[in-house]
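Trainee: Could we go through this one together? I'd like to learn how to read a helix and its neighbours.

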Amino acid sequence: MASKVLTPETTADRLGIGRTSLYRLRLNDPTFPKAVRLTERRIGFVEAEIDLWLDTRLAERDQQVAA
């Protein structure tokens with residue numbers, strides 16, 4: 001199975017946040033997907049993992065609204 005790797009910029013755009021917020025998520029949220037080291041100076045995020053993380057957050061929100 002081929003996985004698409006998103007740049008930090010694309011990941012931040014997909015989540016509707018800035019790059020600084022993305023890096024804060026990486027540091028402070030243990031459930032946030034781990035980055036993939038692509039080169040010595042470049043990272044990326046697996047698209048499917050980002051989508052799953054976001055779906056989980058949406059499901060948590062929906063459970064809170066229903067309660």
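Trainee: Which residues are buried in α1?

Mentor: Keeping in mind that this is a predicted model, the buried residues of α1 are Pro 8, Thr 11, Ala 12 and Leu 15. Seen down the axis of α1, these buried residues fall within an arc of 95 degrees, so they line one face of the helix.

Trainee: Let's take α2, then. At what angle do the axes of α1 and α2 cross?

Mentor: The axes of α1, residues 8-15, and α2, residues 19-28, cross at roughly 95 degrees and come within 9 Å. An angle from 65 to 115 degrees counts as roughly perpendicular, which is why α1 is described as roughly perpendicular to α2.

Trainee: Which residues make that contact?

Mentor: From α1 there are Pro 8, Glu 9, Thr 11, Ala 12 and Leu 15, and they meet Arg 19, Leu 22, Tyr 23 and Leu 25 of α2. Sorted by class, the residues of this contact are 6 nonpolar, 1 polar and 2 charged.

Trainee: Now α3: how do α1 and α3 cross?

Mentor: Their axes come within 11 Å and cross at roughly 25 degrees, and that makes α1 roughly parallel to α3. The contact joins Thr 11, Arg 14 and Leu 15 of α1 to Glu 47, Ile 50, Asp 51, Trp 53 and Leu 54 of α3, with 4 nonpolar, 1 polar and 3 charged residues.

Trainee: One last thing, what comes just after α1?

Mentor: That is Gly 16, which takes a positive phi of about 75 degrees.

Note on methods: Residues are numbered from 1 along each chain as its sequence is written. This is a predicted model: local features need pLDDT of at least 70, side-chain atom pairs count only at pLDDT 80 or more; totals for chains, interfaces and linings use all residues. Side-chain values use heavy atoms; hydrogens and water are left out. Axes are lines fitted to C-alpha atoms, for helices over the stretch in contact, and angles run from 0 to 180 degrees between N-to-C directions. Helices (H or I, at least four residues) and strands (E, at least two) are DSSP runs, numbered from the N terminus. Angles under 35 degrees count as roughly parallel, over 145 as roughly antiparallel, 65 to 115 as roughly perpendicular and the rest as oblique. Contact means heavy atoms within 4.5 Å. Ala, Val, Leu, Ile, Met, Phe, Trp, Tyr, Cys and Pro count as nonpolar, Asp, Glu, Lys and Arg as charged, and the others, Gly among them, as polar. Buried means under 20% relative accessible area, exposed over 50%, partly exposed in between (1.4 Å probe, protein chains only). The arc is that of the directions from the helix axis to the C-beta atoms.
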